[in-house]
Every structure is written in structure tokens, then in C-alpha cells.
Amino acid sequence: MICFIILLVIVDKYGDNNCFINVKMKLSISIKWGVKMTAKIVTFGISKGGCSKSVSSGVTSYLLSKEERVLAIDMDGQGNLTSFLTNEYDICNVFEEKTILEAIQDKDVRKYIIKISENLDLVPSNDFLATLPRMMYRQGIKFDALQVALEPVMEDYDWIIIDTPPALSEHTVMPLSTYSKAGSFAVVMFDGSMFAYYAIPKFLEIIEASKERYNPSLKTAGILFSLIDSRAKENEVMEESIEEEYPGLRFQTIIKRKAATRRLAISGFEENPELTNALEYYIPFVEELKKRAKQEQPQG
Amino acid sequence: MPSKNSLKDKIKKPNATQTFFNSYEEKLEETEKKQNDDIVEEFKDKNVVIDENETYDNDTNVVNDVVVNNEDEDDDYLRMLASGNKVKKVKKKKVFTSFYMDPDLAVEVDNIASRGEKGDKSKLINKAIRNLLEQYGVIERK
């Protein structure tokens with residue numbers, strides 16, 4: 001406690017320095033609520049393919065890592081998030097036995113973390129993740145397995161961002177069942193199509209079931225529109241319907257898909273001349289996500 | 001026009017999400033039952049009778065008994081629950097063992113246990129032996 005007081009005096013003395021203000025804020029929050037800073041978990045999902053889950057989780061991880069420490073986890077055996085962040089497409093060979101599957105089996109994720117940039121790490125996946133359900137069955141692994149594997153690094157990150165496959169499966173339920181005392185959130189992706197419209201209540205049901213049975217702290221952060229065609233005339237009707245059926249759940253930001261964002265998978269983030277253009281819609285979304293996660297953070 | 005019963009069946013019919021989650025609960029129960037059955041069989045082979053209500057713990061290779069937590073543990077558990085933390089009620093591990101009893105004692109112990117709950121028989125035996133060993137000075141008084 002004495003150390004804290006001394007530190008706060010130092011912080012006060014240099015109070016005009018932004019870095020110290022930040023330290024002071026974090027310390028005062030920690031003291032006030034008596035909790036250590038742990039990672040907030042955000043899972044991107046929807047039981048329909050092609051709704052920008054991987055791109056959105058990848059870009060969100062990148063943007064959050066500008067100021068905070070982020071661990072991205074690929075729970076989809078297609079490995080799109082892995083390829084998106086590493087620019088490596090031969091995932092079966094390059095990441096052989098170095099994936100989230102082995103991390104779950106070893107009950108410790110640390111050996112499988114890859115450094116992407118200063119504040120951004122990744123646990124990759126590849127096609128072998130398809131064997132997860134069988135492994136769970138054979139070895140009696142339960143839905144808290146990811147939580148167990150993440151336990152040693154929970155305080156090393158501010159955010160854990162998880163990409164999931166478009167299915168009701170172990171790969172989707174396990175991340176949703178992963179508890180963090182800083183909060184666990186689900187972002188429901190929506191591409192504006194009828195298929196996705198009907199997938200929303202199904203995914204909300206998976207969230208509810210995971211919450212009820214495994215992770216009482218799980219919250220739906222919101223529904224994120226990632227429109228395939230921003231000029232389609234049914235978009236407005238879809239927006240109204242979602243607002244009516246799930247009031248207040250929709251993120252105000254709408255991602256309008258563009259070629260520059262798609263090309264991030266080719267050009268990457270570093271020294272990309274069209275980066276600002278590619279991230280245009282994601283920047284306000286991430287701000288919104290931060291606000292929602294902060295609002296819903298358990299107080300103590 | 002569907003009948004009232006068919007409508008009821010339709011409403012009752014679990015959807016895919018419920019079926020998925022239920023399958024895990026059933027699977028877990030099946031696995032635990034199978035493990036228990038295996039251990040019961042194993043002990044039966046050795047002419048040892050065990051209480052089938054006891055459960056087998058895969059991590060420790062011991063048969064666990066159901067333990068009623070004492071008041072302090074319950075208090076901690078409820079406090080964690082009330083503060084919104086995810087809590088797991090930890091069961092105390094018990095080691096399975098077997099021994100021969102005098103017939104009159106065995107009958108008496110069975111009679112007492114039949115009036116109680118699951119695990120009471122083990123509790124009684126533990127308490128009796130603990131008291132005796134404390135009295136002999138073999139173990140420290142709790």
C-alpha cells in the first residue's frame with residue numbers, strides 16, 4: 001500500500017504527462033475495484049459463412065493493439081484469421097502442431113503464441129482443428145478447456161479476440177464458454193442477407209445457452225452490420241427489422257465492404273498505402289466496441 | 001388442422017442448440033457412469049464391495065465420495081457466487097480403500113447409513129477412525 005501511495009505521489013508530481021495519467025488511471029481503477037487488469041474476451045460469430053468474421057476480428061485485433069495488448073485466437077479450422085495476420089497461407093505445414101488445438105490439449109497456450117507486432121500476438125489454427133470434437137470426446141475435455149489454456153496469460157493482455165467458424169460446434173461454443181472477470185462478449189456478424197438474418201436468432205440462442213450453462217458473465221456486445229452491397233435496397237428494411245427485433249443491440253457503425261479492406265489479406269497492415277481507406281469503417285466500430293465493453297464491465 | 005397433442009410435441013421438441021448442449025450433458029453422464037461401472041467391475045473382480053453411488057475420479061485414479069462441505073467452505077462459495085464470480089464447488093478427494101469389518105459393526109454402520117444421505121457411511125467411518133487415532137496420538141487433533 002505504501003508503494004502505491006509513493007507511486008501516486010510521483011504520478012501527481014508529473015501529472016501533466018499523458019503516460020503517467022494513464023498509469024494513474026489504471027492504478028486508481030485497480031485500487032478502487034480491487035481487481036487486477038485482465039483481458040476482456042470478444043468472440044466474433046454467426047452461423048453463416050462470409051459475414052466478415054475473420055476480417056473483422058483481424059482488423060479489430062490490429063486496431064486495439066495500437067494502444068493495448070491483444071491476443072488474437074483463431075478457432076476456425078479454415079485458418080483465415082491466421083493467414084490474414086501472418087500472411088501465411090500454407091497453414092497446415094507451417095503451423096503443424098503449433099496451433100490452438102495443441103494449446104487446448106496441453107492446457108497451456110503460452111508455447112503456441114506467435115508475435116505479430118509489438119502489441120499483437122496470435123494463436124493460429126489450421127485444418128487439423130477439425131479433430132477438436134473427437135479429441136474432446138476421447139480425452140474428456142470440457143468446454144472450459146480454452147479458459148484453462150488461457151489462464152496463464154489472462155493478465156498479459158487487455159483483449160483476447162476470437163474468430164469462430166460459421167457453425168453450431170465445439171469451436172464456437174468453447175470461446176463463448178470462456179470466462180474472464182473483465183468480461184466476455186460476443187459480436188454477432190450480419191451481412192445484410194436473409195440467410196444471415198435467420199442465423200441471428202440461432203446464434204443468440206447459442207450465446208444464451210453458453211451463458212446459462214458455462215459462462216454467466218457472457219454478454220452480447222452487439223450486432224455488427226458488414227454489408228456485402230451497401231447500395232442494396234433491402235438494407236434499410238433489414239436495419240429497421242434488426243432494430244425492432246433486437247432494440248439497442250445493433251452497432252451504430254455499419255461496415256461497408258470495400259476492395260481496400262479485402263486487399264489487406266494481400267498487402268497486410270505495414271506500409272500499406274491504402275490502410276486508412278481500408279480501416280475507415282472499422283475505426284468507429286472499435287471505439288463503439290470499447291465503450292460497450294467498458295460499460296458492461298463488472299464493477300469489482 | 002394439427003391436433004392439440006401434435007402442437008404440444010412441436011413446442012416441446014428441442015431445437016438444434018438445445019440438442020447440441022444436451023448431448024454434452026448426456027455424454028458426460030455416460031462417461032462418468034462408464035468410468036464408475038468400470039471401477040465397480042474392477043473391484044468386483046477382487047471380491048470387494050463398493051457403494052455404487054460413489055464416483056470415480058479420472059485425474060487421481062481414486063473413487064470419490066460425495067463430501068458435504070463444512071459451513072466455512074459453503075460461506076466462501078456463496079460469497080464468490082454473490083460477487084458475480086464463476087465458482088466451481090470443489091469436492092474433497094477421498095481415497096478408496098477396503099477392509100474387513102466385524103459383522104455386528106457392519107450391520108450397525110449399514111443401519112445408520114441407511115437413515116442418512118449418500119456418503120454418510122464414509123463420513124461415519126472416517127470420524128470413528130480419526131477420533132481413535134487422535135486419541136492414540138497418531139494424528140493431530142483438527
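1. Buried means under 20% relative accessible area, exposed means over 50%, and partly exposed lies in between, with a 1.4 Å probe and protein chains only. By this definition A:R292 is buried, and so is A:E288. The two residues form a salt bridge, with the closest N and O atoms 3.7 Å apart; the term denotes a side-chain nitrogen of Lys or Arg within 4 Å of a carboxyl oxygen of Asp or Glu. Because A:R292 and A:E288 are four residues apart in helix α15 (residues 282-295) of chain A, about one helical turn separates them. Helices (H or I, at least four residues) and strands (E, at least two) are DSSP runs, numbered from the N terminus.

2. On the basis of the note: this is a predicted model, in which local features need pLDDT of at least 70 and side-chain atom pairs count only at pLDDT 80 or more, while totals for chains, interfaces and linings use all residues. Residues are numbered from 1 along each chain as its sequence is written, chains are lettered from A and ligands numbered from 1 in the order in which they are written, and side-chain values use heavy atoms, with hydrogens and water left out.

3. Chain A has 15 helices and eight strands. Of its 300 residues, 52% are buried. Contact means heavy atoms within 4.5 Å; among the contacts in chain A between residues at least 6 apart in sequence, 78% join residues at least 24 apart. The accessible surface of this chain is about 14,400 Å², and carbon and sulfur atoms hold 54% of that area. Accessible areas come from the Shrake-Rupley method with a 1.4 Å probe; for residues, only the protein chains shown count as cover.

4. Chain B has five helices and two strands, and its elements run α-α-β-β-α-α-α from the N terminus on. Buried residues make up 18% of the 142 residues in chain B. Of the contacts in chain B with a separation of 6 or more, 42% are between residues 24 or more positions apart. Chain B has an accessible surface of about 11,600 Å², with 52% belonging to carbon and sulfur atoms.

5. Across all chains, a search of the whole structure finds 14 salt bridges. Side chains of opposite charge can pair when their charged atoms come close. One of the pairs is A:D121 with A:K115, whose closest N and O atoms are 3.7 Å apart. Here A:D121 is buried, since its relative accessible area is 11%, whereas A:K115 is exposed at 57%. A further salt bridge joins the side chains of A:R231 and A:D229 (3.8 Å, N to O). In that pair A:R231 is exposed, with a relative accessible area of 75%, and A:D229 is partly exposed at 36%.

6. A:D163 is buried yet has no salt bridge, and the nearest side chain of opposite charge, A:K53, is 6.1 Å away. Lys and Arg count as positive and Asp and Glu as negative; His and the chain ends are not counted. Apart from neighbours within four places in sequence, the contacts of A:D163 include A:K53, A:S54, A:S57, A:D74 and A:D76.

7. A:F84 belongs to helix α4 (residues 80-86) of chain A and is buried, at 7% relative accessibility. Not counting residues up to four places away in sequence, A:F84 touches A:V55, A:G58, A:V59, A:L264, A:A265 and A:F269. A:F84 and A:A265 are 181 residues apart in sequence, but 5.1 Å apart in space, C-alpha to C-alpha.

8. Two surface patches may be noted. Patches are made of residues with over 30% relative accessible area and no salt bridge; like charges are joined within 9 Å, and nonpolar side chains (Val, Leu, Ile, Met, Phe, Trp, Tyr) within 5 Å. The place of a charge is taken as NZ of Lys, CZ of Arg, CG of Asp or CD of Glu. A:E236, A:E240, A:E244 and A:E245 form a negative patch. Of these, A:E245 lies in helix α11 (residues 235-245) of chain A and is partly exposed, at 46% relative accessibility. On chain B, a nonpolar patch consists of B:L132, B:Y136, B:V138 and B:I139, with about 380 Å² of accessible area together. B:L132 is in helix α5 (residues 120-136) of chain B and, at 37% relative accessibility, is partly exposed.
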